[in-house]
Amino acid sequence: MASSEPGDVLILGSGLIGRSWAMLFASGGFKVKLYDIEQQQVTNALETIRKEMKILEQSDSLRGSLSSEEQLSLISGCSNIQAAVEGAGHIQECIPENLELKKKIFAQLDQIVDDKVVLSSSTSCLLPSKLFAGLAHVKQCLVVHPVNPPYYVPLVELVPHPETAPATMDRTYALMRKIGQSPVRIMKEIDGFALNRLQYAIIGEAWRLVEEGIVSPSDLDLVMSDGLGMRYAFIGPLETMHLNAEGMLNYCDRYREGMKRVLKTFGPIPDFSRATTEKVNQAMCVNVPDDPEHLGARRQWRDECLLRLAKLKRQMQSQ
Ligand code: NAI
């Protein structure tokens, strides 16, 4: 069974998410090995990480208490998975979102790992029961789903297989806290986990409101970015209820019937038809044309906003 010592970290897959995990674990002082089926991806990842860490350090946004050089010295590439597994206490899989590919790599790991290491998948939507079915080390397996970009958005969803040992969840929870992430425990696997279920509920209603001509696409986005989103960065929907009346009990007494009445008017699942998609796309392209240059620039701006928000949240939490 998983020991309480985190040990070194092995990242499988050096793409977007693998790179972020490498930076996060190094910021927590862990030795990190990066593996990829494409050796060039590891080389690219090490280069990108170096550049990003330097920029973050210059803007005083590098996470953890170590300097960028100290953090960089903790990260190395490797080309042999068998050797890389040696000494690893936590393995974070970040290969493409393909069930067969992921099953194959976990089956391979199952043959070579000991009974101490935690085997974790970054999957966004594959269920643990599908990913880890039949593995001898299933008790050591779980999903640890990050949110993009993980360096600025700390939430991670921990999702167990029905046979995952509680100690695996506990140890991973502690590890995530140690690297400054914000873990939540999903008690029982469910399609979409929690984050995407909430996200899709919002997207569904946003789509219906736009499709029915009740609000324009750009105004719909403002409802979130200048309305609900302002407080959701600090408190969730349940605490919002608690604060918007004299506590939760009072909120439900006041608003129960109103909430139920409105909820009953929600329409069916949208089919995301071509016609509405084009209409929404046209509206989005007014501000952000959908070519790589504009999309890239806007993503950079978004990440800069998230970075500043993360700083503000840290300041507010320490008060
Ligand atoms: P990516 O395509 O950027 O990177 C995948 C990497 O895996 C590539 O470098 C590829 O060469 C490598 N790879 C492919 N087969 C491999 C194998 N058998 N062994 C080792 N390496 C292999 O993908 P990305 O975006 O980093 O996603 C990785 C995982 O993280 C996916 O499961 C995805 O659903 C999940 N995720 C992605 C998020 C995102 O916004 N991109 C957010 C949260 C989770």
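## Accessibility of L195

A residue counts as buried under 20% relative accessible area, as exposed over 50%, and as partly exposed in between. In this predicted model, L195 has a relative accessibility of 25% and therefore counts as partly exposed. L195 belongs to helix α8, which spans residues 195–211.

Apart from neighbours within four places in sequence, the contacts of L195 are V147, L155 and E157. V147 stands 48 residues from L195 along the chain, and the C-alpha atoms of the two are separated by 8.9 Å.

## Overall form of the chain

The protein chain contains 13 helices and 8 strands. Its C-alpha atoms fill a box of roughly 60 × 45 × 45 Å along the principal axes. A compact globule of 319 residues would have a radius of gyration near 20 Å, and the 22 Å of the protein chain agrees with this.

Among contacts in the protein chain with a separation of 6 or more, 65% are between residues 24 or more positions apart. Of the 319 residues, 39% count as buried.

## Surface and charge

The protein chain exposes about 18100 Å², and carbon and sulfur atoms supply 56% of that area. The charged side chains comprise 35 positive and 39 negative ones, with the centres of the two sets 4 Å apart.

## Cysteines

A disulfide is a covalent bond between the sulfur atoms of two cysteines. A search of the whole structure finds 0 disulfides. C285 is accordingly in no disulfide, and the nearest cysteine sulfur, that of C305, is 20 Å away.

C252 has a relative accessible area of 19%; because buried means under 20%, this residue is buried.

## Backbone features in loops

Most residues other than glycine have a negative phi, and most peptide bonds are trans. Several places in this chain may be read against that background.

The peptide bond from N148 to P149 is cis, with omega near -10 degrees. P149 is placed in the loop between β6 (141–146) and β7 (155–160).

D60, although not a glycine, has a positive phi of about 60 degrees. This residue lies in the loop between α2 (39–58) and α3 (68–72), and D60 is exposed, with a relative accessible area of 64%. F272 is not a glycine either, and has a positive phi of about 50 degrees. The loop that holds F272 runs between α11 (248–264) and α12 (274–287). At 39% relative accessibility, F272 counts as partly exposed.

How values were computed
Residues are numbered from 1 along each chain as its sequence is written. This is a predicted model: local features need pLDDT of at least 70, side-chain atom pairs count only at pLDDT 80 or more; totals for chains, interfaces and linings use all residues. Side-chain values use heavy atoms; hydrogens and water are left out. Helices (H or I, at least four residues) and strands (E, at least two) are DSSP runs, numbered from the N terminus. Buried means under 20% relative accessible area, exposed over 50%, partly exposed in between (1.4 Å probe, protein chains only). Contact means heavy atoms within 4.5 Å. A disulfide is a pair of cysteine sulfur atoms within 2.5 Å. The radius of gyration is taken over C-alpha atoms; the globule rule is 2.2 Å times the number of residues to the power 0.38. Accessible areas come from the Shrake-Rupley method with a 1.4 Å probe; for residues, only the protein chains shown count as cover. Lys and Arg count as positive and Asp and Glu as negative; His and the chain ends are not counted. The place of a charge is taken as NZ of Lys, CZ of Arg, CG of Asp or CD of Glu.
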